[in-house]
Amino acid sequence: MTQRTALVTGGTGGIGTAIVRYLAKQGHRVATNFRDEAKAQVWQKAMADDGIQVCLVHGDVADHKSCEALIEGIHHKCGAIDILVNNAGITRDTTFHKMTYQQWMDVVNTNLNACFNVTRPVIEDMRTRKWGRIVQISSINGQKGQYGQANYAAAKAGMHGFTISLAQENARFGITVNTVSPGYVATDMVMAVPEEVREKIVAQIPVGRLGKPEEIAHAVAFFTTDEASWITGANLAINGGHYMGW
Ligand code: NDP
């Protein structure tokens with residue numbers, strides 16, 4: 001397998017850590033961003049104790065200038081980015097009639113505008129080198145909508161619109177662009193949901209449980225292989241059968 005350089009945004013989070021781990025174990029050089037240095041160092045040490053070296057560079061995906069510096073920093077430390085996983089994300093849930101402008105903007109900036117901020121400084125180089133893999137981590141709720149998540153569902157659906165346009169523009173440059181849409185996965189983001197709500201969610205999942213971060217990582221890693229070069233513009237739902245539509 002060819003060793004590549006991968007950037008996984010939000011790599012210190014639940015799903016991000018699993019993706020970082022999976023790609024590193026496949027032999028890739030893996031980088032991620034951090035915002036809180038002390039927290040990132042603890043995470044980096046835990047990964048190193050497990051034999052996984054991760055290149056860490058400061059970066060806020062919601063901030064355009066910060067992302068330019070992030071990409072430059074990674075380029076400098078670990079080389080040009082071949083694999084990009086736009087994974088960083090947040091929720092700020094509330095029904096739309098109570099939603100503040102800030103709640104809307106924070107979610108759209110972190111989930112959707114981040115795709116522009118991070119991908120734009122990476123794409124030119126991928127096109128020049130005629131190889132690239134870009135994967136967006138969207139959500140089941142971008143596919144089916146969700147009560148209390150107009151901001152998040154809009155941003156996540158937008159991510160797939162981004163995927164299918166970028167896939168068309170870059171197919172002839174050896175670059176594939178795909179979306180992974182996870183259902184409810186047992187990370188901090190979902191464990192923050194009240195237990196009784198979580199139980200109701202699990203009751204709607206035919207497989208009968210929350211997903212595991214590793215199950216998302218496995219699919220992301222598949223999209224990044226040479227063998228997946230004819231898969232572009234796809235949206236892979238991984239949700240235990242929770243939603244089987246588009
Ligand atoms: P976590 O909350 O565990 O991790 C989120 C990660 O994103 C953290 O590393 C966090 O860093 C980072 N992040 C957040 N905001 C920013 C920012 N402005 N700039 C840089 N990094 C940022 O979430 P999950 O692992 O659960 O989620 C990962 C992705 O998967 C998200 O896009 C989420 O929407 C999506 N998803 C998750 C599902 C789930 O069930 N968990 C279901 C469907 C989709 P920091 O520590 O600095 O906050």
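Two strands pair if DSSP finds at least two bridges between them, and strands themselves are DSSP runs of E with at least two residues, just as helices are runs of H or I with at least four, both numbered from the N terminus. With that in hand, here are the close-ups. The model is a predicted one, in which local features need pLDDT of at least 70 and side-chain atom pairs count only at pLDDT 80 or more, while totals for chains, interfaces and linings use all residues. Residues are numbered from 1 along each chain as its sequence is written.

**View 1. Strand 1 with its partners, strand 2 and strand 4.** Ala6 stands opposite Val30 in strand 2, and strands 1 and 2 pair in the parallel sense over 3 bridges. Turn to strand 4 (residues 83-86) and you find another parallel pairing with strand 1 (residues 5-8), again over 3 bridges. Here Leu7 is the residue opposite Leu84.

View 2. An open sheet is formed by 7 strands in the order 3-2-1-4-5-6-7, with parallel pairing. Strand 3 (54-58) and strand 7 are the edge strands, each pairing on one side only. From one strand to the next, the twist averages 20 degrees; axes here are lines fitted to C-alpha atoms, for helices over the stretch in contact, and angles run from 0 to 180 degrees between N-to-C directions.

View 3. A residue is called buried if 20 or more other C-beta atoms lie within 10 Å of its own, exposed if 12 or fewer, and partly exposed in between, with C-beta atoms placed from the backbone.

View 4. Two residues are in contact if their C-beta atoms, placed from the backbone, lie within 7 Å. Helix 3 (residues 64-78) lies across strand 1, strand 2 (29-34) and strand 3, and runs at about 150 degrees to strand 3. Helix 4 packs on the sheet as well, touching strand 4, strand 5 and strand 6, and its direction makes about 170 degrees with that of strand 4.

**View 5. The largest nonpolar core.** A nonpolar core is a set of buried Ala, Val, Leu, Ile, Met, Phe, Trp, Tyr and Cys residues joined through C-beta atoms within 7 Å. The largest one has 56 residues, and those with the most contacts inside it are Ala6, Ile19, Leu84, Val85 and Val220. Helix 4 (residues 101-129) gives the largest share of this core, 8 residues. Zoom in on Ile19: leaving aside neighbours within four places in sequence, Ile19 is in contact with Val8, Gly11, Val85, Asn87, Ala217 and Val220.

**View 6. Val135 in strand 5.** Look in strand 5 (residues 132-137) for Val135, which counts as buried because 27 C-beta neighbours lie inside 10 Å. Beyond residues up to four places away in sequence, Val135 touches Val85, Asn178, Val180, Val220, Phe223 and Thr224. Val135 and Val177 are 42 residues apart in sequence, yet their C-alpha atoms are 5.8 Å apart in space.

**View 7. Helix 6 and its packing.** Helix 6 (residues 150-170) has 21 residues and reaches 30 Å from its first C-alpha to its last, close to the 30 Å expected when 1.5 Å is multiplied by one less than the number of residues. Its buried residues include Tyr152, Met159, His160, Phe162 and Leu166. The buried residues of helix 6 pack against helix 4, strand 5, helix 5 (140-144), strand 6 (175-182) and strand 7 (235-238).

**View 8. Two exposed positions.** Lys130 sits in the loop between helix 4 and strand 5 and has a positive phi of about 55 degrees although it is not a glycine. Lys130 counts as exposed because it has 10 C-beta neighbours inside 10 Å. Ala48, in helix 2 (residues 37-49), counts as exposed with 11 such neighbours inside 10 Å.
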